[in-house]
Amino acid sequence: MNPYTVLGVSQNASEEDIKKAYRSLVKKYHPDRYAGDPKAEAAASEKLKQINQAYDMLIKMRQPGQDYSGTYTAGSALAQVRAAIARGDLSTAEMLLDAMGDRPAEWHYLRGVVLLRRGWYDGARQHFETAYGMNPGNPEYRQAWEMINQTGGAYRNVFTGQNRALNYTLCASCVACSLLSCCCRYF
Amino acid sequence: MFGYIAPQKCELKVHEFETYKAYYCGLCKALKHEYTLVSSSLVSYDCAFLYLLADSLAGEEHSAEPCVCLLHPMEKRLQILSESAAYPAAVNVLLSYYKMKDDMEDGKKAAALAAPFIHPAFKKASAHYPETAGDVSMMYSALSGIQARQSGNVDEPAGAFGVMLGKIFEKLDGERWEDLYDVGYNLGRWLYIIDAADDLEKDEKTGDYNVFLKKYGESRHPKIREEAEFNLYFSLAQAAEAYGRLPVLKNKGLLDNVFYLGLKEKTQFILEREIT
């Protein structure tokens, strides 16, 4: 497998280009887009696997001093979920979450982030609420709970009469990223 | 789709309202011309909006031409004809076809009458845009699966409908497909949920599938309003945010009105009327 061909970037593409191409492909081949057609869904998830491998390879190649794989094995299962979300690999994040028997507040929080990125806002809200309810002192959970409950209200209030041109940035994907303290927009 | 996407009329300038109507008439004309569909009852406001958005992103100036409308022979009307109309017209045909199929399965007689006209148009639209035809067909089968399972999870049908609309919107502009997908996905979610909220009482009487009734058992359940309200406004907030990222080359006042006022007004209206 040539990772450059898989991601459709040239050999001298910058890290930013690689990330951009990767995000675009992840979005294009997300299995959600093929729901209802099992054949296409399977083909898409196979393609997605390749894309993830290619991305991992390229990023690893570009960071020689760093043991990239270490970040996956060293952490707990929930840290692996966080890493998968940060890469935009929601299918893996979901698989890992499904496999866990123990479901602490952080599990609900991360499930909420995954659902938010998938555009399943109702489920996201329920899980953020559970996480916040289980551990109200945690600022991460509180921030998520506030974001999901306040976004709609902000939309309703901001654009009245002359205020409609106000700069407006309440994008779920960006918020989901900032919740995980990474600055890129994935799916 | 269901005809919920519209501007807030009282906040529009007169020329904006004229432009909006001219897109609607332009779409009607395209349907007649390309698909020989003469019934304007088939022209969907949602697809007229798709045309407006498509043409505003394409940016070329088209003057509105006078036209004669069989339904309104005494009125002077204007229409905007541009190349951007072809795709929204095909989408209109594809969605009308599935709506007709749905209606026929529900035993509505008018739907059976329209079938011989829509069927050839459907074939032609599918031949022009096979990928979109495939997307629409796939999502309708996903939706009927969700309905057959009698799902009470609002994310399932609304998400499926959103994905379909996302894929329809993303084809308007290859470069901006991600932002357009987000606009379409969130508008689709909103459309599905507002239609479900709008039909609560009707579905309760007829026994038709409604995701809120499945979840809460009865149309008067106090949780329904809260849940519908959250989902509707959150989806609109996302749609408006994604819209803000698009390079709109013309009709900005009109489009801003739809995203920031029209959709909000419609949401308020349905929530107040249907669910108190």
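Reader: How many of the 14 residues of H7(A) are buried?
Author: Helix H7(A) is mostly covered. Buried means under 20% relative accessible area, exposed over 50%, and partly exposed in between (1.4 Å probe, protein chains only). Helices are DSSP runs of H or I with at least four residues, numbered from the N terminus. The buried residues of H7(A) number 13 of 14.

Reader: On what basis do these values rest?
Author: Residues are numbered from 1 along each chain as its sequence is written, and chains are lettered from A and ligands numbered from 1 in the order in which they are written. Side-chain values use heavy atoms, without hydrogens and water, and local features need pLDDT of at least 70, side-chain atom pairs count only at pLDDT 80 or more, and totals for chains, interfaces and linings use all residues, the basis being a predicted model.

Reader: Which residue meets A:Arg142 in a salt bridge?
Author: A salt bridge is a side-chain nitrogen of Lys or Arg within 4 Å of a carboxyl oxygen of Asp or Glu. An α-helix has 3.6 residues a turn, so residues three or four places apart point the same way. At 3.6 Å, N to O, the partner is A:Glu146.

Reader: Is B:Glu156 buried or exposed?
Author: The side chain of B:Glu156 forms a salt bridge with that of B:Arg149 (3.0 Å, N to O). B:Arg149 has 54% relative accessibility and counts as exposed. At 18% relative accessibility, B:Glu156 counts as buried.

Technical notes:
Helix = DSSP H or I, 4+ residues; strand = E, 2+ residues; numbered from the N terminus.
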